[in-house]
Amino acid sequence: MKTNKILALGFSLVALLFINSCVEDDDFTTPDLTVAPVDVAALGQFTSFSNIVARYDAAVLDGEQIGVFSVENDAPLYTIGYVVSDDGAGNFFEEIIIQNSVDGNDPATDVRRGLKVEINTRDLGGIYNFGRKVYIKLNGLAIGEENGVYTLGRSNGNSLEQISEAEFTKFIVRDPETATITPKLTTIADLGDLDENTFVKLDNTQIIKAQKNLTYAGEATDEFDGFRSILSCDTNATISLQTSTFADFKGAQLPQGKGSVQGVYSRDFGDDFSVLILNGTEDINFTDPNRCDPVVLDCDGPSGGGAAIFSENFSGFGGYAAEGWTMVNVDGGNVDWFISSFSGNFYSRISAFSSNESEAEVWLVTPGIDLDSTTGEEFSFDVEAAFSNGIILSVLVTENFTGDVTTTDWTELDADIQQGPSSGFGGFESKGPINVSCLNGTVNFAFKYSGSDPSATTRYHVDNVVVTGN
């Protein structure tokens, strides 16, 4: 008897589901995707990004790591921002970046301030699309510093955690407006802390020559993120282009020409250097084929097959001055080349990491090498790049060394310095042999390090510097 009742109940449920599903096609309606107007007056009080950061600064002075916006006994407190990130191409993940103005070039607005908001959900671009105006309820959130940039999230003790998927829409309210964002037109040299988490644009730039044939982040040395150096054709300053190895375009080849690039100015994951992050490949417009690559030495005569006329492996090295080398930091800082070793192998080493030097142009020049009595000369060396945030080593040569690197006429060599991994060591690579047979007289080769802490701090090891001739 019980079985019959159960069967009857089951049939009734199936019939009910069938009846409810059998509706006419014209009864279906398209979901309403419009965004309702926000009753701004009903939200509460508003505060600026600067005041939000001030809350964090006050907390730090009190020995805390985050500044918390409490819920109890606090009137509703909001801030207004515009989304300048887009996770559609996978280069941003579980976060949105907001800035406080739509026009980065309007002197009446303080666009030099932005915030990262960490949210534990994907596909945020479908909700908070690029340019979307948003109201963020601060009550219950906290402001801290994550990876070197100001970040909003939930408090967890004395640290930040992501806003949960179940509640993020309660904290971040969409406005119907999707604004046109005008990036701040600036230069690499002028970018600073106040530009972090904002949308900027750089003109007359290109990928450095040594990397222009690479992908965005598809090389074997790319771990989590790929870093490529963007060069200013006006000042030779560089900044790292950061691309996630999960981005849809990670395997695409970098553009070959020069032009403009726009993106979010930020810091790398370890807060070691500044980076530019694209929303997608449409943000990079390097269509001008007339690159600004330096003129390099081009000897087309026969070379090779000779014996070493100069060789240095830095083992038993008596010091740069004693061995006839010139080592100088032209900016007067403490970053320098020095002799180091690992597993019994000696080499020259340099890095601007933790130097606090915004400019560290450091030269290492070989002793003079007489090429008058030989022919078919070639130059070679070994180099290792480590903890790389850009290629900042160049190799040059001169036939008229004055003793002062700043007054000497130098010609760059096409040495093809490698990128190296962003963490750890890449191992030594041999460079050359480079044909230098068209040089005459006494020549000096130079290794020029163009560092800047914290944006350009790649560590280099140089070894086995050799010149051969017949």
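## Helix H3

In H3, the buried residues are Phe 49, Ile 52, Val 53, Tyr 56 and Ala 59. Viewed along the helix axis, the buried residues of H3 fall within an arc of 110°, so they line one face of the helix. The model described here is predicted.

The packing partners of these buried H3 residues are strands: S2 (67-68), S3 (77-83), S4 (95-99), S5 (114-118), S7 (142-146) and S8 (149-156). Helix H3 runs over residues 49-61, and at 1.5 Å a residue its 13 residues should span 18 Å; the end C-alpha atoms are 19 Å apart, which agrees. Just after H3, Gly 63 has a positive phi of about 85°.

## Nonpolar cores

Which residues touch the most other members of the largest nonpolar core? They are Trp 337, Phe 379, Phe 447 and Tyr 460, in a core of 42 residues. At least two residues of this core come from each of strands S22 (360-365), S24 (378-386), S25 (393-398), S28 (442-451) and S29 (459-469).

With neighbours within four places in sequence left aside, Tyr 460 is in contact with Ser 348, Arg 349, Ile 350, Val 383, Glu 384, Ala 385, Gly 390, Ile 391, Ile 392, Leu 393, Ile 417 and Tyr 449.

## The loop residue Asp 222

Asp 222 sits in the loop between strand S12 (198-207) and strand S13 (225-232). Is Asp 222 buried or exposed? Its relative accessibility is 12%, so Asp 222 counts as buried, the cut-off for buried being under 20%.

Two backbone nitrogens lie by polar atoms of the Asp 222 side chain: that of Gly 218 at 3.2 Å and that of Glu 219 at 2.8 Å. Beyond neighbours within four places in sequence, Asp 222 is in contact with Ala 217, Phe 227, Arg 228 and Thr 245.

## The hairpin of S20 and S21

Strands S20 (residues 338-342) and S21 (residues 345-350) pair in the antiparallel sense, over five bridges. Ser 341 has Phe 346 of S21 as its bridge partner. Two residues lie between the strands of this hairpin, and Ser 343 takes a positive phi near 55° there.

## Backbone exceptions

Most residues other than glycine have a negative phi, and most peptide bonds are trans. The residues below depart from one or the other pattern.

Asn 197 is not a glycine, but its phi is positive at about 65°. Asn 197 is found in the loop between strand S11 (184-186) and S12, and at 1% relative accessibility it counts as buried. Asn 236, also not a glycine, has a positive phi of about 70°. Asn 236 lies in the loop between S13 and strand S14 (238-244). What is the relative accessibility of Asn 236? The value is 55%, so Asn 236 counts as exposed, given a cut-off of over 50%.

The bond from Asp 453 to Pro 454 is cis with omega near 15°; Pro 454 is placed in the loop between S28 and S29.

Notes. Residues are numbered from 1 along each chain as its sequence is written. This is a predicted model: local features need pLDDT of at least 70, side-chain atom pairs count only at pLDDT 80 or more; totals for chains, interfaces and linings use all residues. Side-chain values use heavy atoms; hydrogens and water are left out. Helices (H or I, at least four residues) and strands (E, at least two) are DSSP runs, numbered from the N terminus. The expected span of a helix is 1.5 Å times one less than its number of residues. Buried means under 20% relative accessible area, exposed over 50%, partly exposed in between (1.4 Å probe, protein chains only). The arc is that of the directions from the helix axis to the C-beta atoms. Contact means heavy atoms within 4.5 Å. A polar contact is a pair of N or O atoms within 3.5 Å; within protein, one must be able to donate a hydrogen and the other to accept it, and residues adjacent in sequence count only if both atoms are side-chain atoms. Two strands pair if DSSP finds at least two bridges between them. A nonpolar core is a set of buried Ala, Val, Leu, Ile, Met, Phe, Trp, Tyr and Cys residues joined through side-chain atoms within 4.5 Å.
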